[in-house]
Amino acid sequence: MNGYGLITGSRQITGLMTGILGVCGTWYAGAQEGLDYLEPYRPQSLQEYDLKFNDLVMDLVFQTGASFTDNLGFEESAQAGDFSLSAGMNLRTFYQPRSDFALNLDMFLGYQHFFEYSELNTLLIQPGSEFRVERKLGDFKLGVYDQIGVEMNPLTRPFVSGDAATLGGSETLEWRRLRNLVGAALTWQPTRYFHSLSAYEFDIDRTLTDTFVTLDRNRHIFRTGGYYDFSRQLNVGLEGQYSITEFTENNLPGSQNDSNSVEVGPRVIIRPTQTTDLNLKVAYNTIDFDQTGQITDIENFEGISFDARFNWEQTRNLTHSVYGRRFISDGFGTNFADQKQFGYRLSSQLSQTLQATLDASYMWLSTSGGALSEDATLLLTSVSLTKSLNRKSTLGLTYSFNYKDSEINLRDFQQNLVILNFSYDL
């Protein structure tokens, strides 16, 4: 995070729908023998609620916070810092009139005010806000869903820096992007151990300011996968995806090239003990770019991506998570950005009312050809403390340090960020 989207509530989400794998329950589930994948989604965390009308339950959480960052624009020099205040409401609604049908709404709406840069004042929609409807029909489950959010964190695009070449200096302050994904998915489970899931999704990405218009795009995504539970300790699947990306402003200087991509590969989930699990995915990727934009990059991508995650609940109050991944995302002035990232997360319940979390990751970035291509590394770290004041209210404090080292002049930066949050369950 960079200080723009400081309210996160119970879901510490820094970006919207990064590599969305699941809808209608979970795109891939834990390795459990004979699991019912047709059961409509029910949020496990919604155990306490404020209102109940027959089969409808609602939970309202008020959240407010303050933040300070010393480098709003991710600049190497002439850094601009600012304080901000935010407030909003998180609404969670669950409706299940019968066992084979469920409706879920989870959305945060708020407002953020900056003291020095009032032009940055904005409406907040928490990334990952979601509406979902699911219905079981025999051996099938049909789901329709929508996920929406305002992306205010340029660090979700690590090729972004505050230099004049990529962002025109202070233009990075105007990073406001609306992300929305709507889709439909069909789950089929003909036997106790096998299930499949297929989905179509339509993903849009739009700027909410006058800058970064060349990144506005539509994406059509077709997904399918088949999975088999060999035992409670082993689940194996094969997944495939085809995507069509179309940028909406192809005639502007610096506009991006449209593309078609294919991804296919296995996924394995291993749960050797009750306190450990290993999730592995490897895929072969090809991305072919059409010369529909105004950038000079003619490079395509062909290679292997991967995502490996290991979780270990060492004790009831201490959990470790380690991950490594390689993924390909849209570029900016280039066709694509190749990213390899390794990270670690430590979560500890220090006392009955105090929880601590440490996050650290290191990334290698390499963008494709063109005038703006670069190689860089990024270090992202944060430490959080969450204190339960009573049964309904919590106080959170987070410190983050972010650092980028680029081979291109003026694309280096470092940033300190402090966030204070307060939430009250009405």
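The dialogue below goes from the whole chain to single residues.

Biologist: What kind of model is this, and how are its residues numbered?

Modeller: It is a predicted model, in which local features need pLDDT of at least 70, side-chain atom pairs count only at pLDDT 80 or more, and totals for chains, interfaces and linings use all residues. Residues are numbered from 1 along each chain as its sequence is written, and side-chain values use heavy atoms, with hydrogens and water left out.

Biologist: What is the mean pLDDT of the protein chain?

Modeller: The term pLDDT denotes the predictor's confidence in each residue, from 0 to 100. The protein chain has a mean of 87, and 88% of its residues reach 70 or more. Over residues 1-32, however, pLDDT stays under 50. For that stretch the model has 134 contacts beyond four places in sequence, a contact being heavy atoms within 4.5 Å.

Biologist: How many helices and strands does the secondary structure comprise?

Modeller: Helices (H or I, at least four residues) and strands (E, at least two) are DSSP runs, numbered from the N terminus. The protein chain has 1 helix and 20 strands. Among its contacts with a separation of 6 or more, 60% come from residues 24 or more positions apart.

Biologist: Which strands pair with strand S8?

Modeller: Two strands pair if DSSP finds at least two bridges between them. Strand S7 (residues 140-151) and strand S8 (residues 177-188) run antiparallel and are joined by 12 bridges. Within this pairing, glycine 149 has arginine 179 of S8 as its bridge partner. S8 also pairs with strand S9 (residues 194-207), in the antiparallel sense and over 12 bridges; here leucine 181 has aspartate 203 of S9 as its partner. A hairpin of 5 residues connects S8 to S9.

Biologist: What share of the residues counts as buried, and which residues form the largest nonpolar core?

Modeller: Buried means under 20% relative accessible area, exposed over 50%, and partly exposed in between (1.4 Å probe, protein chains only). Of the 426 residues in the protein chain, 47% are buried. A nonpolar core is a set of buried Ala, Val, Leu, Ile, Met, Phe, Trp, Tyr and Cys residues joined through side-chain atoms within 4.5 Å. The largest has 12 residues, including Phe159, Trp175, Phe212, Phe327, Met363 and Leu378. Strand S17 (354-367) and strand S18 (375-388) are the elements that give two or more residues to this core. Another core, of 6 residues, lies apart from it and has Phe108, Ile125, Ile148 and Met152 among its members.

Biologist: How many salt bridges are found, and which residues form them?

Modeller: Side chains of opposite charge can pair when their charged atoms come close. A salt bridge is a side-chain nitrogen of Lys or Arg within 4 Å of a carboxyl oxygen of Asp or Glu. The whole structure has 25 of them. In one of these, arginine 157 meets glutamate 151 at 3.2 Å, N to O. Arginine 157 is buried, at 12% relative accessible area, and glutamate 151 is buried at 4%.

A further salt bridge joins arginine 217 to aspartate 203, with the closest N and O atoms 3.3 Å apart. Arginine 217 belongs to strand S10 (residues 217-231) and aspartate 203 to strand S9, so the pair ties together parts that are 14 residues apart in sequence. Both arginine 217 and aspartate 203 are buried.

Lysine 281 and glutamate 263 also form a salt bridge, at 3.0 Å, N to O. Because lysine 281 lies in strand S13 (residues 276-289) and glutamate 263 in strand S12 (residues 259-273), this pair ties together parts 18 residues apart in sequence.

Biologist: Which residues are linked in a network of salt bridges?

Modeller: The network includes Glu151, Arg157, Arg179, Asp203 and Arg217.

Biologist: Which residues other than glycine have a positive phi?

Modeller: Most residues other than glycine have a negative phi. Asparagine 54 has a positive value, near 55 degrees, and is located in the loop between strand S1 (51-53) and strand S2 (56-69). Asparagine 54 is exposed, at 70% relative accessibility. Leucine 410 also has a positive phi, of about 75 degrees, and lies in the loop between strand S19 (393-406) and strand S20 (413-425). Leucine 410 is partly exposed, with a relative accessible area of 42%.
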